[in-house]
Amino acid sequence: MRRVWAGIGQAVESAAIAAVGLVLCALVLLAVWGIDQGFGGDPLLQWRIAVDAWMLGHGVDVGITLAPDAVLAIGLEEAGRSFVLTLGAWGIGLVTLWLHWRSGRRLAELPPVETGIAVVAGALATGAVGLLAGVSAQHPSAAPNLGQAFALPALVALVGMVGALLAARGHDWLHALARALTIEDGWLRPVRAALRAGIGGAVGVLGVGALLVGIGLLLRFTDGLLLMESLEVTHLGAGVLLLLQLALAPVAIVWGAAWAIGPGFMLGRGSSVSPLGTDLGPVPSLPMLTAIDPDTQSWMLVVVALPVLAAVVVGAFARQTTLAGSADRPVHWWELAATAVGGGVLAGALLGVAAMLATGAAGPGRLSLTGPDAVQVAAWAALEVGAGLLIGMLAGGRGASALAKEGAGTSMRDVLGFGRSRDEPVHDADGADDVVGTDEVADRDADAPVTDSSAVDPDAQETAAVAPMPRTTRDAAPSEAEAGDGPADDATEPPHPEHERTRDPERDPEADRPIG
């Protein structure tokens, strides 16, 4: 029953989180409807727009079919055909992710079974709210994808809760996973360092992207202000436009990171924005896009070094903390190499996923393709972050314990299970090195004679002259029966009177006569 209540409680909380997001979006549009439009028109239109914005914030595709007057206002022939908006406004989804992260930290205190039930119930409840909202927002002009309306919000909630659980119990789960996969304990330290360095490297690159976006907006602030004036929006409209740009801020940060890494991004078919060159066509009238410099400057090539520099800082921190080592277990060179490779690959994968989420259709026509190439971003990010991590760990070793020499403690061959090399010298007890391989040692052992500790060498025994046999008389030479059993029989059986009578010298004079 306790498990059921844990699931019900998390389901109610997750449904409330999703409902709060929808209500916040609806309140903004209701304010525009009431203040700017005087509560005129269809109020359900504001609800549908709010639901569409919430859906785009969770990555749900929204099909658009513009009315003829809207097509004339835009002035694009392609706008007359139906198109699908796929570019996510992830700022809204990050609110859902953060609130479920907080729920996951609380669920981490429950037993594992109850935690699993609560996580599944919370994800299903979020998906159910998304599905109901999507059904309510179906309209010929705009309609969210109902399948994605259930799955993607549930996935966002699931990622938030599972991420919090991994952060809270990651250490225990890493050991359990290592035991399940039979990973040697010697690999756990570089694996843990690679995970932290990879996540830190990805965050560092995204921080570089955010910094570049901020610098671009600051340098081109005048152009953005002129664009805002040309739109002739009201004060409330300016506020709504600001919220819209905040919702698109995660996408802009990923685009900035892709630009810093090198591949850049597209803002419509046939366009290219990268440090090597910028080719822009018509762009939407969004003040945030004024951060893009239409002209290519020679100093822009320097920004490619910023992701590497961020990874160097992360690598230095990793060397000072996770890979600091100790006197009992020093850090080996291969641990640094494994951390750099693993961290670079993980950072590339994370940034590639981020680039994929920041890619999509932002409108009809040429705007059906915007964003960076996820594969190129992942490849270049893995290379740059990996190199930066290695440089940072080598440079950050100053002050930390020195690297261990190969052969001291756990070596690379021990971790890989290769054992001793064939050509490695065998150390004798006196410290001398005999260059013999394992095969030679085996052959030497095979040729050695088999000895038995219980066997005695006949040549080593002492010899002595054999004394002559005493002359045997009938009385002095006992029979074999007497020699073997006589004493015992004498001790247990009294002599027979008949025998005493026959051996009595007074009655038998022949008794002392020698034989023969």
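In what order do the 3 strands of the open sheet stand? The order is β2-β1-β3, and the pairing is antiparallel. Strands here are DSSP runs of E, at least two residues long; helices are DSSP runs of H or I, at least four long, and both are numbered from the N terminus. Two strands pair if DSSP finds at least two bridges between them.

This is a predicted model, in which local features need pLDDT of at least 70 and side-chain atom pairs count only at pLDDT 80 or more, while totals for chains, interfaces and linings use all residues. Residues are numbered from 1 along each chain as its sequence is written, and side-chain values use heavy atoms, with hydrogens and water left out.

Strand β1 covers residues 62–64 and pairs with β3 over 3 bridges, in the antiparallel sense. Ile-64 stands opposite Ala-142 in β3.

Now the whole protein. It has 17 helices and 9 strands. Of its 516 residues, 35% are buried. Buried means under 20% relative accessible area, exposed means over 50%, and partly exposed lies in between, with a 1.4 Å probe and protein chains only. The protein exposes about 29800 Å², and carbon and sulfur atoms supply 65% of that area. These areas come from the Shrake-Rupley method with a 1.4 Å probe; for residues, only the protein chains shown count as cover. Take the contacts between residues at least 6 apart in sequence: 75% join residues at least 24 apart. A contact means heavy atoms within 4.5 Å.

One residue shows such a link along the chain. Ala-149 is found in helix α6, residues 146–180. Ala-149 is buried, with a relative accessible area of 0%. Leaving out residues up to four places away in sequence, Ala-149 touches Met-55, Val-60, Gly-127, Gly-130 and Leu-131. Met-55 is 94 residues away along the chain, yet the two C-alpha atoms are separated by 6.8 Å.

Is Glu-232 buried or exposed? Glu-232 is exposed, with a relative accessible area of 70%. It lies in the loop between α8 (221–231) and α9 (235–247).

On a 1 Å grid over the protein atoms alone, a cavity is a set of points where a 1.4 Å probe fits but cannot get out; a pocket is an open set with protein on both sides within 12 Å along at least five of seven lines, and lining residues have an atom within 4 Å of a point. Grid points are joined across faces, edges and corners, and a volume is the space filled by probe spheres set on the points.

The structure holds 1 cavity of 30 Å³ or more. The largest cavity has about 40 Å³ of space. Its lining includes Leu-206, Leu-351 and Val-377. α10 gives the most, with 4 residues.

The second largest pocket holds about 1500 Å³. It is lined by 44 residues, and Leu-97, Val-159, Leu-350, Val-353 and Leu-357 are the closest to its centre. Helix α6 returns here, supplying the largest share of the lining, 13 residues.
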